[in-house]
Protein chains: 4
Amino acid sequence: MNQLTEDILIKVITQRPENSHKGTFGRAVLIGGNNQYGGAIIMSAEACINTGAGLTTVVTAEKNHAPLHARLPEAMVVDFSDTELLVELLKNVNVILVGPGLGLSVTVLSILKKILSLQQENQWLIIDGSAITLFASHQLPLKYPEKVVFTPHQKEWQRLSGLEIDKQTPENNQEKQKELTATIVLKSHRTEIYDGNQIWHNTVGNAAMATGGTGDTLAGMIAGFIAQFGGSSESIAAAVYLHSKIGDDLAQEHYVVIPTSISQEISRYMKNYAQKERTEE
Amino acid sequence: MNQLTEDILIKVITQRPENSHKGTFGRAVLIGGNNQYGGAIIMSAEACINTGAGLTTVVTAEKNHAPLHARLPEAMVVDFSDTELLVELLKNVNVILVGPGLGLSVTVLSILKKILSLQQENQWLIIDGSAITLFASHQLPLKYPEKVVFTPHQKEWQRLSGLEIDKQTPENNQEKQKELTATIVLKSHRTEIYDGNQIWHNTVGNAAMATGGTGDTLAGMIAGFIAQFGGSSESIAAAVYLHSKIGDDLAQEHYVVIPTSISQEISRYMKNYAQKERTEE
Amino acid sequence: MNQLTEDILIKVITQRPENSHKGTFGRAVLIGGNNQYGGAIIMSAEACINTGAGLTTVVTAEKNHAPLHARLPEAMVVDFSDTELLVELLKNVNVILVGPGLGLSVTVLSILKKILSLQQENQWLIIDGSAITLFASHQLPLKYPEKVVFTPHQKEWQRLSGLEIDKQTPENNQEKQKELTATIVLKSHRTEIYDGNQIWHNTVGNAAMATGGTGDTLAGMIAGFIAQFGGSSESIAAAVYLHSKIGDDLAQEHYVVIPTSISQEISRYMKNYAQKERTEE
Amino acid sequence: MNQLTEDILIKVITQRPENSHKGTFGRAVLIGGNNQYGGAIIMSAEACINTGAGLTTVVTAEKNHAPLHARLPEAMVVDFSDTELLVELLKNVNVILVGPGLGLSVTVLSILKKILSLQQENQWLIIDGSAITLFASHQLPLKYPEKVVFTPHQKEWQRLSGLEIDKQTPENNQEKQKELTATIVLKSHRTEIYDGNQIWHNTVGNAAMATGGTGDTLAGMIAGFIAQFGGSSESIAAAVYLHSKIGDDLAQEHYVVIPTSISQEISRYMKNYAQKERTEE
């Protein structure tokens with residue numbers, strides 16, 4: 001097993017090229033947030049923008065636009081029901097995250113199907129939360145599974161893989177990953193990443209992070225890392241490690257790590273790792 | 001009388017088990033906030049989430065969803081008028097808080113009746129604010145009174161117990177509590193808790209906390225403590241003590257203790273007490 | 001002339017009585033904020049609540065409720081157009097502020113007339129902003145002018161008094177005040193207060209405070225001081241002085257003093273002055 | 001070429017006259033923010049108000065009013081579709097910014113035409129974002145081009161000037177500026193300003209600022225500087241320099257400079273430069 005350490009951050013987080021513009025750092029589209037779970041996609045957006053993604057658009061139920069902008073005017077918004085605009089939007093992005101707070105309605109299923117069908121060869125697709133459940137229960141097809149990331153917690157992985165939680169051994173998980181081809185970020189108190197070649201094992205993270213919204217924040221960070229540093233197991237692993245590393249530091253002083261408090265720290269941490277000597281090169 | 005000290009916090013606030021997930025720390029549903037008093041339930045939610053409750057859903061008038069999410073994307077929301085979803089939601093939670101900013105309308109009475117009728121044996125129910133007034137004036141029935149907490153201030157206690165304020169002596173209060181069976185958190189400048197066995201007497205708290213919203217914050221903290229540490233007089237007493245303790249510290253520098261400023265401190269205080277040696281064990 | 005110094009704060013800001021509750025510190029109703037100027041009444045509310053008023057209700061256009069709650073869940077809200085609820089509300093309050101961001105529409109005029117007609121002998125009424133303009137242009141009657149405060153800037157004072165700005169000498173102002181009976185807070189870079197007996201002259205304040213919203217914040221502070229410390233020239237003068245004093249301190253480090261940044265400091269300043277020895281007693 | 005240094009700030013940012021009021025520091029109207037890009041005009045408004053503009057009104061789609069007020073009650077709002085009110089509003093302002101988040105719809109084009117036709121001789125007009133694209137593609141007329149500022153990034157400059165990006169040399173740009181007469185703020189990793197007489201070359205700024213919203217913040221700062229210090233190349237150059245200077249300082253500790261974090265620093269920086277000795281006078 002590949003034990004994650006802060007080396008992954010030093011490796012992945014590069015110094016930004018001087019002659020650049022916002023397009024240089026990627027376009028992300030985050031899709032989620034129905035009438036009940038709008039906070040989830042707001043948290044994903046805060047995480048994504050604070051990693052430094054160049055341009056971030058949030059596709060969510062109309063009622064979530066105002067609170068999103070109240071917290072984060074840096075995001076752009078599209079109404080969930082505006083399929084035409086969504087299709088247009090997806091043409092030109094580097095990474096798509098679908099799932100945080102999406103819910104399980106029939107409308108949502110139809111949007112999810114459309115998104116899966118629109119994935120382009122050069123686009124990464126992160127499938128999180130209820131989108132995993134919908135994907136699993138309707139056995140939806142993937143166009144470019146090698147550019148798909150699933151971020152299930154253990155119950156969602158059970159739905160996706162068919163493995164009961166006590167059967168979710170590294171060997172079994174690895175086998176199921178190979179069937180799916182997609183990268184699996186299996187979230188637990190020690191998250192593991194299955195990418196088809198190896199298993200990355202997170203060495204940080206803590207119980208103070210076990211609260212609603214932590215996964216939504218992680219999903220947004222993965223989107224932000226892929227937007228900037230390209231899609232790869234390493235980008236994904238770096239986001240996973242950084243999320244837990246910040247959570248560990250906050251847990252030194254907090255009984256519970258409020259997810260949005262992680263996002264507030266991302267940019268300082270990334271600056272720090274971007275400056276460290278990259279001995280592996 | 002049982003004088004509350006910080007020992008109650010050291011006893012109640014446990015270290016979190018390492019192998020845990022958000023479900024481990026309880027599901028809370030907070031019901032309140034009509035068109036006029038939406039801020040009340042927002043303050044309860046901030047308090048509850050900052051104690052570390054695993055998953056918190058707020059059932060409130062639709063107009064309060066956006067400001068809630070603008071402050072607190074960690075919460076989930078359900079529209080007050082969506083009775084079907086409320087019924088579904090209540091099936092699977094550990095603690096229910098009803099009352100902050102609820103108002104006294106006929107619709108509200110009907111929702112309150114439904115909530116009371118849906119309480120399950122393993123669920124705690126906190127009845128606060130106008131829900132106390134409605135409960136008292138309509139003599140509503142309780143299914144599991146031993147798992148009910150009322151949080152009246154003195155006038156609300158008068159409505160509930162029939163005791164005029166100058167008759168609210170410990171003896172009289174205790175007698176009325178025995179009739180109700182439910183735990184009583186009788187709020188005043190020195191809050192008392194009647195649990196059927198003993199009287200807990202709060203030794204902290206101050207006049208700078210006498211401002212609108214302080215009680216809503218307390219109610220949310222009690223919900224958060226019960227969600228995580230189980231329903232017991234000790235959980236309730238710990239929440240009461242911590243609320244006043246933070247208020248006392250803030251009042252060292254503030255003429256008025258803005259209720260939401262209490263919530264901002266909860267997590268740091270809890271971390272501190274969770275680390276202290278628990279000599280009673 | 002009576003030169004204002006920090007003595008006025010030491011005199012007015014009392015220590016809170018230990019055995020008290022939120023009702024002890026007054027009920028304030030703030031009326032203003034149409035579709036264009038909603039921010040004004042939000043700023044008044046932030047100021048009022050941060051002085052420590054016990055219960056604050058904001059009567060404003062419905063569209064302003066969400067942003068108010070997003071910033072300040074401690075406030076209660078009533079829709080501007082709900083005259084019935086407004087009438088009910090006004091029965092039981094200590095101080096009424098009308099005007100910040102109110103605008104000049106016909107509806108507003110009718111609401112203003114109603115408010116003036118509902119003033120009770122034990123209630124103070126602060127008339128600010130466009131309510132001054134409406135009052136002046138329609139020559140509205142006052143029921144208890146000795147319990148009314150007008151807070152005009154120089155142009156509004158011209159409308160109210162008929163005095164051109166260059167005729168606004170202390171003598172002329174004093175004469176016009178006597179006709180009106182009400183207390184006049186004449187705002188300028190050195191605000192003056194005319195109360196029928198004397199002229200209070202503010203010695204603090206600065207040009208960094210000359211920005212939209214500063215007056216709305218002051219109006220809210222006056223409401224909060226009257227709610228807690230009773231209606232008197234001294235309460236009003238204390239609020240005026242504190243507002244400018246905080247502004248001066250902030251201007252040490254800021255080119256412009258953003259009005260809401262004043263409100264963030266109120267509670268600390270008041271605590272400080274409440275603790276100083278009150279040599280005059 | 002004129003290399004920008006902090007001397008431009010010392011020169012432009014004057015001490016405020018003591019006897020002043022909010023009108024002294026200018027009236028700004030900011031027009032932008034459709035249903036998708038509302039955050040852009042919110043960011044412009046935060047920047048403008050934090051420079052110290054006396055009165056700032058934001059004309060934007062109705063759905064953006066609540067989040068704007070939740071962040072910034074200091075701003076006034078007007079609904080985008082209320083042309084009558086917009087016309088009234090424009091009569092009495094010093095500086096108009098049009099474009100951030102405006103979009104490209106037919107309605108927007110018609111509003112832009114109206115704004116251009118209403119410019120008065122004593123008013124400065126800043127044309128940003130999609131308003132540049134609309135202006136270029138419809139070859140709209142300017143009434144007072146010598147009081148117009150365009151703030152294109154390189155692609156927008158291509159649309160406006162016809163110059164492909166690799167043809168955008170100082171000489172070519174200067175020639176095109178002379179055709180347009182208006183001042184050009186050509187944004188890139190080293191922004192240049194063409195004013196008809198000279199070329200100002202920004203010496204600060206960094207890649208951490210390459211994220212969505214940075215340009216909206218700059219546009220708001222330029223509006224705020226013109227509102228207070230008058231329209232001139234120097235005012236514009238000072239805003240450009242300060243924006244990048246703050247960005248450089250923030251980038252010392254942040255991997256990405258979140259645009260709204262720039263606005264939070266403006267007032268402190270301006271105070272600092274206002275106090276420096278102005279050796280050039």
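**Note on strands, helices and chain contacts**

1. A:Thr60 stands opposite A:Asp79 of strand β4 in chain A. The two strands concerned, β3 (residues 55–60) and β4 (residues 76–79) of chain A, pair in the parallel sense over four bridges; pairing requires that DSSP finds at least two bridges between the strands. Helices (H or I, at least four residues) and strands (E, at least two) are DSSP runs, numbered from the N terminus.

2. This is a predicted model, in which local features need pLDDT of at least 70 and side-chain atom pairs count only at pLDDT 80 or more, while totals for chains, interfaces and linings use all residues. Residues are numbered from 1 along each chain as its sequence is written, chains are lettered from A and ligands numbered from 1 in the order in which they are written, and side-chain values use heavy atoms, with hydrogens and water left out.

3. Together with helix α3 (residues 65–71) of chain A, β3(A) and β4(A) make a right-handed β-α-β unit. Right-handed here means that, with the strands pointing away from the viewer, the path from the first strand over the helix to the second runs clockwise.

4. Chain B holds an open sheet of ten strands with mixed pairing, in the order β1-β10-β9-β8-β7-β6-β5-β2-β3-β4. Its edge strands, β1 (2–3) and β4 (76–79) of chain B, each pair on one side only.

5. Within chain B, strands β8 (residues 183–186) and β9 (residues 192–194) run antiparallel and are joined by three bridges. B:Val185 of that pair stands opposite B:Ile193 in β9(B). Helix α8 (residues 170–180) of chain B packs on the sheet, where it touches β8, β9 and β10 (199–201) of chain B; contact means heavy atoms within 4.5 Å.

6. In chain C, helices α5 (residues 106–118) and α6 (residues 130–138) pack at an angle of about 85°, their axes 11 Å apart. Axes are lines fitted to C-alpha atoms, for helices over the stretch in contact, and angles run from 0 to 180 degrees between N-to-C directions. α5(C) and α6(C) are therefore roughly perpendicular, a label for angles of 65 to 115 degrees. C:Val108, C:Leu109, C:Leu112 and C:Leu116 in α5(C) meet C:Ala131, C:Leu134, C:Phe135 and C:His138 in α6(C).

7. Between chains, 30 residues of chain A are in contact with 39 residues of chain B. By contrast, no contact joins chain A and chain C, whose closest C-alpha atoms lie 8 Å apart. Chain B and chain D likewise have no contact, with their closest C-alpha atoms 8 Å apart.

How values were computed:
Parallel < 35°, antiparallel > 145°, perpendicular 65-115°, else oblique.
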